[in-house]
There are 2 protein chains.
Amino acid sequence: MQVSLQPGQLLARGVARHLARCGFVSVEEFVPSRGLRVDVMGLGPKGELWGIECKSSRADFQSDSKWQGYLEWCDRYFWAVDMAFPTELLPEGSGLILADAYDAEIVRMGPEDRLAPARRKAMIQKFATHAARRLQAFRDPGVAGVVGVSL
Amino acid sequence: MQVSLQPGQLLARGVARHLARCGFVSVEEFVPSRGLRVDVMGLGPKGELWGIECKSSRADFQSDSKWQGYLEWCDRYFWAVDMAFPTELLPEGSGLILADAYDAEIVRMGPEDRLAPARRKAMIQKFATHAARRLQAFRDPGVAGVVGVSL
């Protein structure tokens with residue numbers, strides 16, 4: 001699978017590894033609400049939810065018109081980019097992660113804007129559902145034909 | 001992976017497929033509390049938590065001294081057994097699922113004993129963490145060496 005990863009997915013992998021080191025778990029391509037898809041959603045030991053968008057190039061960033069829609073679905077929001085990315089393009093005041101395919105580092109913490117308890121509860125259940133459904137598809141490829149679960 | 005599944009794991013696979021048909025997601029070998037390991041934990045669309053123990057034989061059932069400890073960690077509890085299992089051995093009043101490796105059917109619904117909200121919240125977060133950690137190990141086998149994540 002790794003051979004076919006796109007540049008943004010390689011960044012996401014490094015980000016997920018770093019989050020794991022920080023005691024967070026994460027899922028990729030999380031859908032908090034219809035029409036939105038966050039590259040990486042991290043879940044911390046106290047139920048913290050961090051949204052991270054991975055941008056592999058200037059064009060990748062400039063074509064994203066949805067990122068402000070992610071803010072209301074997480075406690076902190078970050079951009080993840082590689083060393084070559086022109087970080088001056090990124091909006092001030094959002095979190096910044098420098099990443100490659102193998103690891104990442106939080107350069108600037110995203111400001112905290114805590115979710116309301118009801119939304120946090122709904123998001124964590126959605127996170128659990130997302131992760132378990134994809135895990136099942138890995139563990140039991142035969143389930144796809146049964147219920148339309150896919151990766 | 002499938003070739004090495006044990007009889008109990010084959011039942012768990014069938015149970016997980018049936019749960020998926022019912023709109024539940026599930027994880028296997030879930031640890032609600034230190035020293036306890038539930039074969040399958042299902043999570044429903046409204047946050048329902050169902051614990052299911054898979055018993056492949058009379059001996060497998062009779063060697064289980066921990067099952068009553070699972071009751072306090074789920075809303076409903078079930079046994080999952082195959083067609084050959086002598087179901088008269090099972091305690092009356094617990095749920096019963098007939099399963100094989102490919103599917104399952106709920107024969108008797110486990111009685112409901114709803115979790116307190118704080119425990120449900122903690123369990124759903126633990127479920128999310130369990131599922132996401134194992135999913136990451138499938139998606140990125142390289143993460144194991146980084147943070148000790150394993151399947």
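Mentor: Please bear in mind throughout that the model is predicted.

Trainee: In what order do the strands of the chain A sheet follow one another?

Mentor: The general idea comes first. Strands of a sheet pair through backbone hydrogen bonds, in either a parallel or an antiparallel manner. In chain A, 6 strands make an open sheet, and their order is β1-β2-β3-β4-β5-β6, with mixed pairing. The strands β1 (25-30) and β6 (104-108) of chain A are at the edges with a single partner strand each, so one side of each has no neighbour in the sheet. From one strand to the next, the twist averages 30°.

Trainee: In which sense do β5(A) and β6(A) pair?

Mentor: Strand β5 (residues 95-99) of chain A pairs with β6(A) in the antiparallel sense, over 4 bridges. A:I97 is opposite A:I106 of β6(A), and A:L96 is opposite A:R108 of β6(A). The two strands form a hairpin, with 4 residues between β5(A) and β6(A).

Trainee: What is the strand order in the sheet of chain B?

Mentor: In chain B, 6 strands form an open sheet with mixed pairing, and the order reads β1-β2-β3-β4-β5-β6. Its edge strands are β1 (25-30) and β6 (104-108) of chain B, each of which pairs on one side only. The twist from one strand to the next averages 30°.

Trainee: Which pairings in chain B may I trace on the display?

Mentor: One of them joins β1(B) with strand β2 (residues 38-43) of chain B, antiparallel over 5 bridges; there, B:E28 has B:V40 of β2(B) as its bridge partner. Another is that of strand β5 (residues 95-99) of chain B with β6(B), antiparallel over 4 bridges. In this second pairing B:L98 is bridged to B:E105 of β6(B), and a hairpin connects β5(B) to β6(B) through 4 residues.

Trainee: Which strands does α3(A) lie across in chain A, and which in chain B?

Mentor: Within chain A, α3(A) lies across β1, β2 and β3, at about 85° to β1(A). In chain B, α3(A) lies across β1 and β2, at about 75° to β1(B). As for α3(B), that helix lies across β1, β2 and β3 (49-55) of chain B and runs at about 85° to β1(B).

Trainee: At roughly what angle do the axes of α3(A) and α3(B) cross?

Mentor: The axes of helix α3 (residues 117-139) of chain A and helix α3 (residues 117-139) of chain B come within 8 Å and cross at roughly 40°. That angle makes α3(A) oblique to α3(B). The crossing of α3(A) past α3(B) is left-handed. Residues making this contact include A:I124, A:F127, A:A128 and A:L135 of α3(A), and B:I124, B:F127, B:A128 and B:L135 of α3(B). The contact residues comprise 14 nonpolar, 2 polar and 4 charged.

Trainee: How is an interface between two chains described, and how many residues take part here?

Mentor: The size of an interface is often expressed as the accessible area lost when the parts come together. Here chain A and chain B bury about 3,000 Å² between them, with 63% of it on carbon and sulfur atoms. A:Q125, A:L135 and A:R139 contribute 21% of the area that chain A buries against chain B, more than any other three residues. The contact draws 35 residues from chain A and 35 residues from chain B.

Key
Residues numbered from 1 in each chain as written. Chains lettered and ligands numbered in written order. Predicted model: local features only at pLDDT ≥ 70, side-chain atom pairs only at ≥ 80, totals over all residues. Heavy atoms only, no water. Axes fitted to C-alpha atoms, helices over the stretch in contact; angles between N-to-C directions. Parallel < 35°, antiparallel > 145°, perpendicular 65-115°, else oblique. Left-handed = near helix turned anticlockwise from the far one by under 90°. Contact = heavy atoms within 4.5 Å. Nonpolar A, V, L, I, M, F, W, Y, C, P; charged D, E, K, R; others polar. Pairing = 2+ DSSP bridges. Buried area = accessible area lost by both parts, 1.4 Å probe.
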